[in-house]
Amino acid sequence: MQSERLIFRNFNLDDLEDVYEFGSDKEVSKYVTWETHKSLLESEKILKDIFIANKYIFAIVEKNSNKCIGAFEFMPEIKNNSLCFGYVLNRKYWNKGYMSETLNFMLDYAFNYLKVNRVYGMHRKENIASGRVMEKCGLKIEGEFEDAEFLKGKYITLVYRAILRKNYKRG
Ligand SMILES: CC(C)(COP(=O)(O)OP(=O)(O)OC[C@H]1O[C@@H](n2cnc3c(N)ncnc32)[C@H](O)[C@@H]1OP(=O)(O)O)[C@@H](O)C(=O)NCCC(=O)NCCS
């Protein structure tokens with residue numbers, strides 16, 4: 001699967017160094033639920049046990065460099081015909097529109113191929129970039145949940161955003 005500048009594919013063992021590169025960056029893991037990877041071995045376990053094992057986790061590959069620069073995950077909720085998503089990008093590639101390009105592609109895949117009814121994501125309130133990506137792709141704020149979770153030693157406020165099939169115009 002591909003968009004203008006990116007390829008989306010399943011992960012493989014050759015992605016280890018690229019996964020370690022973004023997984024071990026404290027700035028990258030600052031707002032996410034998972035902990036910063038502390039070693040290549042830890043990244044290898046995550047790559048094998050989670051990334052490769054899950055067919056709805058996609059490697060985001062830059063066409064120009066053929067490098068794996070991030071990951072996008074869909075978490076299916078089969079009973080509700082809906083998908084929750086999460087994403088991460090290597091810091092060197094931020095603010096180039098790559099995650100907006102990814103989410104736009106994945107929305108098309110979700111609504112026009114998987115035929116789901118609802119796609120939603122959540123981000124920490126202070127994670128402006130993540131909220132902006134969702135906003136640019138047409139997701140609307142559904143609610144803000146103050147101190148919703150206790151994560152990495154403090155309470156965090158979560159913003160939920162979603163788009164419904166009936167409001168998805170393209171395709
Ligand atoms: C969130 C993340 C995926 C965004 O990826 P990206 O490819 O840089 O996103 P895009 O370039 O498509 O869009 C980012 C937007 O946020 C804006 N932005 C970024 N930082 C900002 C800030 N501090 N204040 C205001 N706007 C900001 C950018 O200007 C851009 O908006 P624009 O196109 O209107 O100018 C990336 O920052 C990341 O991997 N962060 C760490 C992991 C993470 O937070 N994952 C999400 C958890 S919910």
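Asparagine 81 is partly exposed, because 13 other C-beta atoms lie within 10 Å of its own. On this scale a residue is buried if 20 or more other C-beta atoms lie within 10 Å, exposed if 12 or fewer, and partly exposed in between, with C-beta atoms placed from the backbone. The model is a predicted one: local features need pLDDT of at least 70, side-chain atom pairs count only at pLDDT 80 or more, and totals for chains, interfaces and linings use all residues. Residues are numbered from 1 along each chain as its sequence is written.

Asparagine 81 sits in the loop between E3 and E4. Such labels come from DSSP runs, numbered from the N terminus: helices are H or I runs of at least four residues, and strands are E runs of at least two. The phi of asparagine 81 is near 50°, a positive value in a residue other than glycine. Most residues other than glycine have a negative phi. Asparagine 95 also has a positive phi, of about 60°, although it is not a glycine. Asparagine 95 lies in the loop between E4 and H4, and it counts as exposed because it has 10 C-beta neighbours inside 10 Å.

The loop between E4 and H4 also holds asparagine 90. Is asparagine 90 buried or exposed? Asparagine 90 is buried, since 21 other C-beta atoms lie within 10 Å. Leaving out residues up to four places away in sequence, asparagine 90 touches Glu21, Phe22, Ile69 and Gly70; a contact here means C-beta atoms, placed from the backbone, within 7 Å. Asparagine 90 and glycine 70 are 20 residues apart along the chain, and their C-alpha atoms are separated by 5.7 Å.

The strands form an open sheet of seven, in the order E1-E2-E3-E4-E5-E7-E6, with mixed pairing. Two strands pair if DSSP finds at least two bridges between them. Strand E1 (6-10) and strand E6 (140-151) stand at the edges with a single partner strand each, so one side of each is left without a neighbour in the sheet. E6 pairs with strand E7 (residues 154-164) in the antiparallel sense over eight bridges. Leucine 151 has lysine 154, in E7, as its bridge partner.

Glutamate 142 belongs to strand E6 and is exposed, with 12 other C-beta atoms within 10 Å. Its contacts, not counting residues up to four places away in sequence, are Tyr160, Arg161 and Ala162. Glutamate 142 and arginine 161 are 19 residues apart in sequence but 5.4 Å apart in space, C-alpha to C-alpha.

The largest nonpolar core has 35 residues, of which Ile60, Ala71, Leu89 and Leu107 touch the most other members. Such a core is a set of buried Ala, Val, Leu, Ile, Met, Phe, Trp, Tyr and Cys residues joined through C-beta atoms within 7 Å. H4 gives the largest share of this core, eight residues. Leucine 107 touches Val119, Cys137, Ile163 and Tyr168, not counting residues up to four places away in sequence.

Of the 20 residues around the ligand, Met99, Ser100, His123, Ala129 and Arg132 come nearest; a residue is near a molecule if its C-beta atom, placed from the backbone, lies within 6 Å of it. Strand E4 (82-89), helix H4 (98-113) and helix H5 (128-136) each supply at least two residues of this shell, and H5 gives the most, with five.

Conventions
Two residues are in contact if their C-beta atoms, placed from the backbone, lie within 7 Å.
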